[in-house]
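Here is a quick tour of a helical packing problem, told through a few helices and a few residues. Have the model open and follow along.

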Amino acid sequence: MTTTRRPAPRRALRRLPLRAAAALTVALCLFPVYWMVVTAFRPSRDIQSYEPGLIPREWTLDHFRTAVQADGFALFWRNSVLVTLGAVLLALVVALGAAYAVARLRWRGRRPFMLAVFIAQMAPWESLVIPIYIISRDTDMLDRLPTLTLVYFMITLPFTVVVLRGFLAGIPPELEEAAQVDGCTRAGAFRRIAFPLLAPGLMATSLFGFITAWNEFTYANFLIIKQQDNRTLPVWLSSFQTTFGTDWGATMAASTLFALPALVVFLALQRHVTSGLTAGGVKG
């Protein structure tokens, strides 16, 4: 019995609406980013023009100089880096142990534990702003960068546990058992066999945690009130002004510089993102 294949041009025509919809979606999502970047390079007189145009007629770096030389830019950049990296590293260490316990060990309460992790992942963290503020105030932890680090750690931890648990469940335990037969301890077998295979999951969760902590505004705005030197870049950007009021060119330049680290991290890790995100659905 022979089957007839649909001609390639016809298949291409059927896919054309999907491709057009995808291209339109991408354009709508990227246009605000494009406008931010080109505004950062426009001269001030063109920014306030009634017809600015999609492509600047002139290009300037003055706005970037203004943003970099603004009071506190380097300090708040450092604060954001410290808080973000601290939260990501802490979440990876804790989640790795929790994921291993759930995927490899059998103990009472394992399923309720994972259910609690899933519920925590779905919970809207904005609803906990007031309780976390009260706890931080009563424990004298307001206006401190370690407090922000712990909050971002709590936000990223459930997702990290789910993804790493999925990856570990997808690695045959027989590989570690064979290493133990050859003389490795349980920890040594995990470090030599399973841990290298977790690289895509570690990359995906690191990317998620980095972007979440780097862009977070609400908690940084509520928990850092008096000690303005402990602010992060998102809070600083929301109140960024020059002596002449709001400088939109410098604001867009500062926003572009703020977005660069997340973009660089995403481009460096994007190959692992798809496999990392889908691994959380592995049944274990």
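Is D140 buried or exposed? D140 is exposed, because its relative accessible area is 53%; exposed means over 50%, buried under 20%, and partly exposed in between (1.4 Å probe, protein chains only).

## Ground rules

This is a predicted model, where local features need pLDDT of at least 70 and side-chain atom pairs count only at pLDDT 80 or more, while totals for chains, interfaces and linings use all residues. Residues are numbered from 1 along each chain as its sequence is written, and side-chain values use heavy atoms, with hydrogens and water left out.

Helices here are DSSP runs (H or I, at least four residues), numbered from the N terminus.

## Two aspartates in a loop

D140 sits in the loop between α6 (129–138) and α7, and D143 is in the loop between α6 and α7 too. D140 has a positive phi of about 60° without being a glycine. D143 also has a positive phi of about 60°, and it is not a glycine either. For background, most residues other than glycine have a negative phi.

Burial is where D143 gets its own story: D143 counts as buried because its relative accessible area is 11%.

Next comes α7, residues 145–170. Its 26 residues should span 38 Å at 1.5 Å a residue, and the end C-alpha atoms are 37 Å apart, so the two agree. The expected span is 1.5 Å times one less than the number of residues.

There is a bend of about 35° in α7 at T156, with a proline, P158, following within four residues. That bend is the angle between axes fitted to the seven residues ending there and the seven starting there. α7 is also mostly covered, with 21 of its 26 residues buried.

## α4 and its partners

Helix α4 (residues 73–104) packs with helix α5 (residues 110–122) at an angle of about 135°, their axes 10 Å apart. Axes are lines fitted to C-alpha atoms, for helices over the stretch in contact, and angles run from 0 to 180 degrees between N-to-C directions. The pair is therefore oblique: angles under 35 degrees are roughly parallel, over 145 roughly antiparallel, 65 to 115 roughly perpendicular, and the rest oblique. A98, A101 and V102 in α4 meet R110, F113 and M114 in α5, where contact means heavy atoms within 4.5 Å.

On to helix α10 (residues 199–215), whose axis comes within 9 Å of that of α4, with a crossing at roughly 145°. The α4 residues involved include W77, V81 and L85, and the α10 residues include L202, T205 and W214. T205 is buried because its relative accessible area is 2%. Setting aside neighbours within four places in sequence, T205 is in contact with L92, F159, T160, V163 and L164.

## α9 and F190

What does α9 pack against through its buried residues? They pack against α4, α7 and α8 (173–181). The buried residues in α9 are G188, A189, F190 and A194. This twelve-residue helix reaches 16 Å from its first C-alpha to its last, close to the 16 Å expected at 1.5 Å a residue.

F190 lies in α9, residues 186–197, and counts as buried because its relative accessibility is 13%. Beyond neighbours within four places in sequence, the contacts of F190 are L96, Y100, L168, E176, F195, P196 and L198.
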